[in-house]
Each structure stands twice: as structure tokens, then as C-alpha cells.
Amino acid sequence: MDHLHHLCHSMQECFSDVQSRISSSNPQDRPANRYIINGKVVVEHSPGLSGPGKSASVQIYSSTEIDPNTRKGKMSGKACLKHGKSSKKDDTKITSYKIKLHVEPGFGNPGAFVIENNHKHRFFLQSATLVTPENKAIHFDCRSWVYPIKNTKSSRVFFSNTCYLPSQTPACLVELRKEELQTLRGDGTGERKEWDRIYDYDVYDDLGNPDKGPDHVRPVLGGSDSLPYPRRGRTGRPASKNETINLDTYVPPDERCSPKKLSEFIANAMQATAHFLLTESKSLSHDSSSFESFDEIRDLYSDNRSQALKGTVTEKMKKLLPAELFKEITHASKQDHMKFPLPQIIRANESAWSVDEEFGRQMLAGTNPTRIQCLREFPPQGSYIRESDIEQNLDGLSFEQAMKQWRIFVLDHHDYLLPFLRKMKSEGVCPCASRTILFLRSDATLKPLAIELSYPDSSSNRMKIGVMFPAAEGTDRAHWQLARAHVAANDSAYHQLISHWLHTHAVVEPFIIATRRQLSVMHPVHRLLDPHFKDTMHINALARSVLINSGGILEKTLFTGKFSMELSSELYKEWRFDEQALPSDLLKRNMALEDTQDPTAAHILFQDYPYGLDGLDVWLAIKTWVRDFCDLFYEDDDSVKSDTEIQAWWSEIKNVGHGDKRNETWWYQMTTKTDLTQTLSTLIWIASALHASVNFGQYAYAGYPPNRPTQCQKFIPEEGTMEFAEFLKDPDKYFLNMLPERFQATLGIALMEVLSRHTSDEVYLGQRPSSEWIDNNEVKQKFKKLNDSLQEIEKKILERNRDPKLKNRWGPAKMPYRLLYPDATKDEFRVGITAKGVPNSVSI
């Protein structure tokens with residue numbers, strides 16, 4: 001009945017509008033005094049829901065003729081959506097409607113339109129095109145949810161694809177521009193409703209769940225000197241919640257994943273979430289034990305694993321999820337029978353992971369290639385490793401020669417972990433802090449020289465320290481393998497919490513919020529950045545509900561446990577935005593030399609560093625594109641300084657979004673085009689290439705627990721102890737018992753699989769979802785130049801991967817390095833675990 005009421009109401013409005021036009025003009029005047037602007041509006045429907053049709057109406061604003069009463073552009077008459085033609089694509093119904101808008105003579109070009117939804121359902125407005133009487137097409141790339149006016153109490157405004165700096169905004173659109181930004185900022189109060197388009201900041205006060213008991217209390221991250229953190233989007237909901245998993249957390253509608261992607265993502269995640277839903281089930285009792293053999297681990301990978309929801313899991317999911325989402329997930333899971341592939345690390349050679357060369361290679365080309373650094377002083381501060389420990393293992397070089405040639409490296413996971421070790425040990429794991437020293441051989445492979453481990457002494461408050469060295473065979477080799485497992489556990493936690501979560505997901509979110517609040521959609525920088533924010537806020541909200549929350553998957557799988565996010569906060573204290581630019585990062589880690597002649601200003605230390613070499617190519621392509629883009633809109637430094645929206649944006653990022661870092665002196669001043677270009681290039685690098693490099697290789701490397709265990713159940717056994725006797729009796733069994741237990745391991749594998757998958761609606765670097773994303777041909781030419789550059793990079797990467805001298809591109813595991821392969825030449829979907837392709841945004 002509500003639907004019929006709104007339909008009748010809309011039809012009556014349209015009829016009244018036409019009637020008033022007839023009565024207000026003489027018939028003979030109508031042809032001369034009225035002009036018609038025709039248009040097309042394209043709408044996407046959620047599965048099973050009807051389109052808006054005549055329940056939606058549109059009016060347009062002139063960009064050239066101002067109404068003196070409103071100080072806004074003159075408005076057209078109202079037109080309803082009519083003559084819908086529907087098509088179906090990937091289970092999504094797309095309907096194109098025609099509209100006919102009557103305008104006064106001299107109306108000029110449309111600059112914006114308002115749409116009112118009197119339908120009972122929301123709809124996704126994909127785009128609109130208006131054609132003036134002079135046959136000029138005006139494009140509107142909308143891509144936004146339009147909710148019923150009974151919920152929103154106001155119409156929606158959309159601006160054309162023409163970009164203006166604030167000072168260049170047509171007078172007709174100035175007030176609309178200001179009003180739209182004011183609406184998006186809200187007033188900072190109240191709990192957000194699904195249809196609210198409001199962007200505001202909050203601290204991470206929603207990770208704990210005190211209602212479940214004291215063990216689920218977590219500190220608030222952000223807003224204090226002791227626990228600083230980037231801000232997240234404000235929801236206004238109470239910090240404490242009772243539900244097990246909340247997949248319906250508020251994010252502004254335009255930041256949400258598409259219904260198709262969400263159902264795809266959740267269906268893929270069934271394996272992971274099922275463990276939490278069935279923790280009381282007796283069927284999991286077996287999973288509390290350790291693996292008995294490597295064959296048993298191998299048996300985890302079956303060839304045909306159905307994703308269909310069954311029995312108890314279905315019932316639990318039905319209670320936890322909104323009905324519409326549950327329906328989509330059930331549909332997706334029934335249709336999607338996926339293979340659970342062998343991780344690449346064991347596909348060509350099942351024992352390659354255990355080779356020291358592969359262990360070192362993964363620090364340069366694995367899933368966490370951003371931590372290793374070249375040592376300029378030895379030993380590292382506080383280390384117990386001495387020159388005499390390693391000088392006999394430098395392939396004939398003296399220690400002094402190796403240092404002068406920049407050939408001693410360290411993977412350092414030591415000092416930042418020390419304050420946490422005893423607390424972590426109390427939670428039942430065996431945590432160590434580690435330093436791994438490596439030597440760069442003449443063939444550019446990394447040769448491990450020593451591993452230093454620090455761990456809590458059970459009988460005192462002191463730390464025990466052990467230094468282990470590589471061995472080729474026997475129990476010494478097995479002992480070394482145990483030390484490597486502890487290093488891998490350290491690196492896995494750092495990768496997941498810092499390289500991946502903090503340095504991409506968390507640090508980008510404040511930039512998204514500030515962009516929506518301070519940069520109009522008409523602003524060119526908003527248009528530049530928008531594709532690099534796709535789905536990030538929604539993915540982060542899901543992560544707060546499932547991954548990083550108390551009792552979440554990361555706490556269950558990483559050795560850092562309940563202290564995981566506290567540790568992440570501690571390392572945020574070291575974070576610098578300017579050092580996330582790839583050249584700056586490489587220089588800081590001594591992995592490149594400063595070179596003012598190089599376009600990137602950094603010359604890589606050695607060519608066979610796949611992440612660094614490919615990354616610099618992608619970085620340069622991004623920066624060139626950003627510089628070209630900014631040159632089209634900013635004449636000089638003064639035009640940046642006088643851009644009121646950019647200045648407000650940057651101030652809000654520094655003082656609010658990353659407010660715990662507001663007093664740092666390294667922030668760019670944002671007074672020059674160079675400042676703006678470097679900022680935007682860094683932000684796009686983080687959202688696209690950096691995230692791709694640390695995310696999409698996770699299953700390939702960490703899908704096999706012996707290669708990258710996420711926690712260790714035993715310390716290195718000391719001679720003369722029962723543990724050492726156990727180790728001597730069966731070194732392999734001791735190693736397997738050290739790995740995560742079956743439950744944690746299986747859960748970790750499932751998580752790696754989900755995170756490593758490309759989804760079907762992904763948009764990649766060098767691509768836009770629409771060819772009409774901006775009404776500026778010069779910009780489109782520069783964007784074509786970016787795409788051409790990325791295609792050249794693809795050729796370079798393929799050539800490097802064919803070069804037998806570049807051993808780190810394949811390694812003993814025979815895994816080509818493709819994590820920064822843009823994959824910009826293909827337009828078709830690339831779904832699944834491909835270990836290549838650079839999406840525009842942090843969208844998984």
C-alpha cells in the first residue's frame with residue numbers, strides 16, 4: 001500500500017506540474033517560450049527489488065543562469081523517470097529511463113540535478129546524461145545510493161562531471177557546493193541510520209566487547225599519547241555490543257561494497273566465520289590437536305570444496321545477518337563451488353619453502369617485502385651477534401668489505417616486541433623477539449647468517465637470549481629450522497598488523513573521510529582520488545567486526561593475540577606519511593641510494609629486489625600521472641595556497657584524522673604544487689600498489705603453515721631439558737608441534753584464501769568504471785598516458801621474470817614475482833587467487 005501511495009503521489013505531482021505549465025502560458029506561446037532537455041538515467045536494482053520508475057522525479061539546475069531569489073541556478077520543471085528498459089548483467093538488473101525536462105529560454109547548460117525518490121526501496125543511481133537543445137551532452141557519473149525521501153527527508157543533488165577549483169565554481173553552483181559539503185559533515189551527534197550520508201571521525205572504541213566478560217575488554221585506540229591511532233568513521237553506536245559478528249555496521253551508503261561483492265565476500269569467508277559460529281560444536285574437538293605429519297597438512301587441500309551453507313552454520317548465519325544479506329549469501333554459496341588450490345609455495349617443489357635461499361628471497365619478493373633493511377652499522381643496537389659469529393660465512397669477503405659494499409642486511413622484529421613478550425606468554429603461546437642477519441651474495445640472493453631470539457625466562461623477570469646459525473644437515477639443521485619458524489611468526493604478525501592493516505587500511509581511512517567532508521565532488525582532486533577509496537571504509541568496518549576485534553580472527557591466529565591492536569598502536573608512533581612514498585621508504589631502509597638524476601630520486605641498491613624495482617616503476621607512473629593532472633588545474637604554488645577546500649582538507653587530515661600526529665614536523669606544508677603532488681602520489685601508491693603487494697600474495701605464501709606460521713607453541717629447546725630430548729627423538733614432530741594447532745592453522749589458511757581473492761567488480765590501476773568519468777579531454781589524454789605506462793611496466797616485469805640472472809624473481813619455489821604486475825590491459829573480470837593485478841583501492 002505504501003508503494004501505491006508513493007506512486008500515486010508522484011504521478012499527481014507530475015500531473016500538477018504539467019497542468020500548472022499549461023495554465024500559466026498561452027498555447028501559442030508554448031513552442032517559443034519552452035525548451036526541452038532530454039536525458040537518460042541509468043539505475044541498478046538490488047536483487048529482487050523493482051526499479052523506481054515514476055516514483056522518482058528529477059529537476060535540473062542551470063550552471064549559467066542564476067535565480068536571484070535562491071542565489072542558485074535556475075531550475076527546470078520536474079520530470080518523472082519513464083519508459084524504463086531493463087537488462088541483466090551478473091545477476092544485477094540495470095534499467096535505463098528516459099526523462100524530458102522543460103526549461104525557460106536561455107536556461108543554459110545544466111550543472112547539477114536533484115532527484116527525489118518516492119519509491120519504497122532505495123536504488124543505485126549509476127549515471128545520467130542530459131542533452132541540451134544545442135545537442136551538447138552533459139554527463140553525470142553518479143554511482144550512489146538514493147534512498148526513499150520518507151527516510152532521508154531531502155532530495156539528492158548530483159553535479160556534472162565538469163571539475164572546478166572552489167574559486168572557479170560558476171556562481172549558480174556556489175551555494176549548492178557549500179550546502180552539499182555541509183550536509184555530508186553532519187553535526188557529530190546521534191547514531192547513524194543506514195540512509196545517512198554523513199562523514200565524521202571516531203576513535204577505535206569498538207574493538208572490545210565488555211558484555212562478554214573482562215577477557216574481552218580492549219583499550220581505546222586513538223585520542224591519547226599512550227595509545228595513538230588513525231581515526232575511523234563514526235557510527236554513533238554504543239561501544240559495547242552483544243552480537244557475535246556484526247556485518248551490518250554503519251558506513252555511509254556510497255562507501256559500501258555492492259550487494260554482489262558483499263555476498264561474494266561473505267560467501268568466500270564462510271570457512272573462516274564458521275569456526276566462530278561452531279566453537280561449541282563437538283566436531284571441532286579434533287582441531288585442538290597438532291598436526292602429526294606433513295602429509296596431514298597436505299591433506300587440508302582438497303580438489304573440490306563446496307561453499308554451500310549447511311545445517312547449524314545456516315541457522316547461526318540467519319540469526320546474525322540482515323535478511324536481505326543472508327538471502328544473497330545463501331544464493332552465492334549455492335552457486336559457487338570453488339577449488340581450494342595448493343598454495344604456490346608448495347606447488348612446484350614441496351620442500352622449497354625449507355631452503356635458506358627461499359627464506360631470504362621472501363624478504364625481498366614475498367608478502368612482506370617492506371621490513372628488510374641494509375645495515376650501515378654493526379651490530380644492531382643491543383644485539384648479541386658479533387662480527388666473529390658471521391665473518392667466516394661471507395663468501396670470501398672480510399667483514400669490513402661486506403659492510404663497505406652494503407651487503408649485510410637485517411630483518412628486525414626485536415625491540416618493539418620486547419615490552420609485550422611476557423604478557424603474550426601469559427596467554428599460552430611461546431613468543432620470541434627476533435633479529436635475522438643476512439648477507440647479499442654475488443648473485444643477489446640473500447644468505448641467512450644468524451638468528452637472534454629473545455624470550456621470557458620462566459624463572460625470573462629477565463629475558464633469555466639465544467643466537468642460532470644455519471646448518472646443512474642433522475639436528476643442527478632441524479634446530480635452525482625452529483629458529484626460522486619463530487622469525488616467520490614475528491614477520492607474519494608484523495605483516496598482518498602493520499604492513500597490511502595499519503600502513504594501508506587504517507592510515508587511508510582518515511583521508512577518505514576528509515575528502516568527503518572538505519572536497520566537493522566538483523573538486524578535481526576529489527575526482528582524482530575517488531576510485532582509490534572504493535569499498536575501503538566498508539572493508540575496514542567488516543574488519544573491526546570480524547578480524548581485529550576481541551576474539552576476532554587475528555587474535556585467534558597471531559601469536560600477538562589480545563595485544564595485537566595495542567602493538568599496532570605502539571608502532572603507529574613511528575609512522576610517517578611522507579616515508580610511505582616508496583622512494584623515501586627505500587632510502588630510509590638503505591635499500592636505495594639518493595640520486596637526484598633519477599626520476600624517482602632513488603636508485604635501487606641492487607636490481608634483484610623485485611618489490612623495490614617493480615615498485616619504483618609503478619610509483620613513477622603514478623607520480624607522473626598525478627603531476628600531469630595537477631598541472632591542468634593549478635597554475636602555480638599560489639593556486640594551491642589559495643584553494644580553500646584543499647587547505648581545509650589537509651588541515652583536517654593533520655589535526656583530526658591523524659590528530660594524534662598533529663604536532664609532528666614532517667607533515668607537508670601544502671603551500672606548493674610539489675607538496676600537493678607528493679601527497680596525492682603517496683596516497684594513491686598506498687591505496688593501490690602498496691596494498692596489492694602486501695595483500696594478494698598471502699595465500700601463495702602463508703596458505704602453507706610451515707612456511708609462515710603465525711604463532712609458535714614451543715620455544716627453542718635448550719640442551720639438558722626434557723624438551724631437547726623430545727626434539728632429538730623426532731625433530732620433525734617437534735617442529736610440527738611448534739606450529740599453530742590445527743584449529744588456528746585451518747582458520748589462518750581460510751583467512752589467507754579470502755584476503756587473496758580478487759572480486760568480480762574490482763577496478764584496476766589505470767582504469768575507471770566509466771569512460772565518462774570526467775568532462776575534460778586533456779585529463780583523459782593524460783590518463784591514457786598512465787595506462788600506456790602501466791602496459792610498458794607489464795612488459796618490463798615479464799622480461800625480468802624471464803631473466804635467469806634475476807634469481808629472486810622465481811626462487812627455489814618457482815614462483816614468478818607478479819604482485820605489482822598492473823594487469824591494466826585487460827577489461828574482463830579477473831576473479832580469484834591470481835597473485836597479480838593492482839586494484840585502485842584497499843578493497844579487500
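Hi everyone, let me start with a definition: two rings of Phe, Tyr or Trp, taking the six-membered ring for Trp, count as a pair if their centres lie within 6.5 Å. Please keep in mind that this is a predicted model. With that rule, the count comes to 34 aromatic pairs.

So where do some of these rings gather? One aromatic cluster is formed by Y204, Y229, F511, Y572, W575, F577, W649, W650, W666 and W667.

Now to the helices. In general, two packed helices are described by the angle between their axes and the distance between the axes. Helix 14, residues 474–518, packs with helix 22, residues 644–657, at about 145 degrees, and their axes are 9 Å apart. The crossing of these two helices is right-handed. On the helix 14 side, P510, F511, A514, T515, R517 and Q518 make the contact, and helix 22 brings E645, A648, W649, W650, E652, I653 and G657. By class, that contact has seven nonpolar, three polar and three charged residues.

My last stop is helix 16, residues 536–546. Is this helix buried or exposed? Eleven of its eleven residues are buried, so helix 16 is largely enclosed by the rest of the structure. Among the buried residues are H538, N540 and R544, along with M537, I539 and L542.

Definitions and conventions: Residues are numbered from 1 along each chain as its sequence is written. This is a predicted model: local features need pLDDT of at least 70, side-chain atom pairs count only at pLDDT 80 or more; totals for chains, interfaces and linings use all residues. Side-chain values use heavy atoms; hydrogens and water are left out. Rings of Phe, Tyr and Trp (its six-membered ring) pair if their centres lie within 6.5 Å; planes under 30 degrees apart count as stacked, over 60 as edge-to-face and the rest as tilted. Axes are lines fitted to C-alpha atoms, for helices over the stretch in contact, and angles run from 0 to 180 degrees between N-to-C directions. Helices (H or I, at least four residues) and strands (E, at least two) are DSSP runs, numbered from the N terminus. A crossing is left-handed if the near helix is turned anticlockwise from the far one by less than a right angle, and right-handed if clockwise. Contact means heavy atoms within 4.5 Å. Ala, Val, Leu, Ile, Met, Phe, Trp, Tyr, Cys and Pro count as nonpolar, Asp, Glu, Lys and Arg as charged, and the others, Gly among them, as polar. Buried means under 20% relative accessible area, exposed over 50%, partly exposed in between (1.4 Å probe, protein chains only).
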